[in-house]
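Here's a quick tour for anyone meeting this structure for the first time. Have a look at the sequence and the model, then read on.

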Amino acid sequence: QAFVDSIEASNDTLNAYVVKTPEKALEMAAASDKRIAAGEAGLLEGAPIGVKDLYCTKGVRTTACSNILGEFTPTYESTVTQQLWDAGAVMLGKLNMDEFAMGSSNETSRFGPPANPWRRNGSNQNLTPGGSSGGSAAAVSADLCLAATASDTGGSIRQPASFTGTVGIKPTYGRASRYGMVAFASSLDQAGPIAKTVEDSAILLEAMCGHDAKDSTSLPEPVPEWRNAVRRGVQGMKIGIPKEYRVDNMPEDIEALWSQGIDWLKEQGAEIVDVSLPHTKYALPAYYIVAPAEASSNLARYDGMRYGTRVSGDNLISTYEGTRSEGFGAEVQRRLMIGTYVLSSGYYDAYYLRAQKVRKKILNDFVEAFGSCDALLTPTCPSAAFAYGEKADPVQMYLNDIFTVTANLAGLPGISVPAALDKQGLPLGLQVIGKALDETTCFRVAGALE
Ligand code: GLN
């Protein structure tokens, strides 16, 4: 009830929820009360959770914040959300996001952007909570839910967490099922939570992960009790500092944050080692080829025939054209054009195939680096939260993903943990990248930085 009331009071200003489900929440909470009384409480019993609008939720409108999905109301539940409800969690509603999760500022949502609850010292200007999981991050940060589901294709869990002083983890590719998640780029997409603390994020992630026969890329791996790793410390651990992440024109505040993180880990008994990830400079170009290519294939299904919006024309082709021109926003259309271009015959070898080769080299860099360390420490983003409209040039927007896309390209786990405030009073996150399937180490290091 307290969360339902807070949403009622603040959502008009924050625009974090695009669908509110107060009745469902109170009904689920009442069922939780009964299970608690019967001594049958699940891991998340009674925990009020917000759901990013790209998870299909049975009977609750799901549009990935795109016009093309109209009033689409799924007849089935995504595996990840089903697992949360099975663990006793309570659903508060659906959270704002960039259209089809394409963006770093949540400005491409059909419902308009959510506001970051944080502001620069002495300023009233609204800032973006980041993207694409901006609604999830804003809602957690403003106490409009205890935690939220999010998704990360190139940083969409970690960057919004960094911008809002919250914790976000993207697990190893294949840890969480993608069944029932609206697809963006299938070889990069991963589910994960945004939460208030490292421990909360570990508990949530435990409930979200596990093998699912409905997703052919889901890994048949047991889910460890990650919550027990959080306070285990970093004594004797080797933490790698990748020198290529020291990019040109890195803001002083980000430099200071990184040094601070290094000092904290040293003080707690970790050894710091320099490592090199030489292909880092090719990560953004490779990501912005692979992700649009996969998106152009995934989004081909939105043709106005089966569900969502239809703009009828005189014939089939004009109906497709009308539907897709009106249904998709400008950023999605840009990605679809890039994606179809890089996949077209004659260009496939020059772009898509080459990007896949670069991707392999990026993975090899990580494998090599992990030969001499247990995890890597980097800033999550090259900046704090920025204002709406501040990055109107798409390339400037894409550059904000510089430290996050590598983990997706390599399929590795990455966590962002709030670590400092910049000179303007805005939160900044540190990122810990781990070996494949070694979220445990990510949680240990993140726990030490918290
Ligand atoms: N900002 C990146 C993009 O626009 C990542 C988005 C995401 O992780 N969903 O593609």
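## Around Gly429

Setting aside neighbours within four places in sequence, Gly429 is in contact with Ala161, Ser162, Thr380, Cys381, Ser416, Val417, Pro418 and Ala419 (contact means C-beta atoms, placed from the backbone, within 7 Å). Do keep in mind that this is a predicted model, where local features need pLDDT of at least 70, side-chain atom pairs count only at pLDDT 80 or more, and totals for chains, interfaces and linings use all residues. Numbering starts from 1 along each chain as its sequence is written.

Gly429 sits in strand β11, residues 427-434 (strands are DSSP runs of E, at least two residues, and helices runs of H or I, at least four, numbered from the N terminus). Gly429 counts as buried because it has 30 C-beta neighbours inside 10 Å (buried takes 20 or more). From Gln159, Gly429 is 270 residues away in sequence, yet their C-alpha atoms are 8.1 Å apart.

## Helix α8

The 16 residues of helix α8 (residues 283-298) should span 22 Å at 1.5 Å a residue, and the end C-alpha atoms agree, being 22 Å apart (the expected span is 1.5 Å times one less than the number of residues). Twelve of the 16 residues of α8 are buried, so the rest of the structure largely encloses this helix. Among the buried ones are Tyr287, Tyr288 and Glu294. What covers them?

How values were computed. Two residues are in contact if their C-beta atoms, placed from the backbone, lie within 7 Å.
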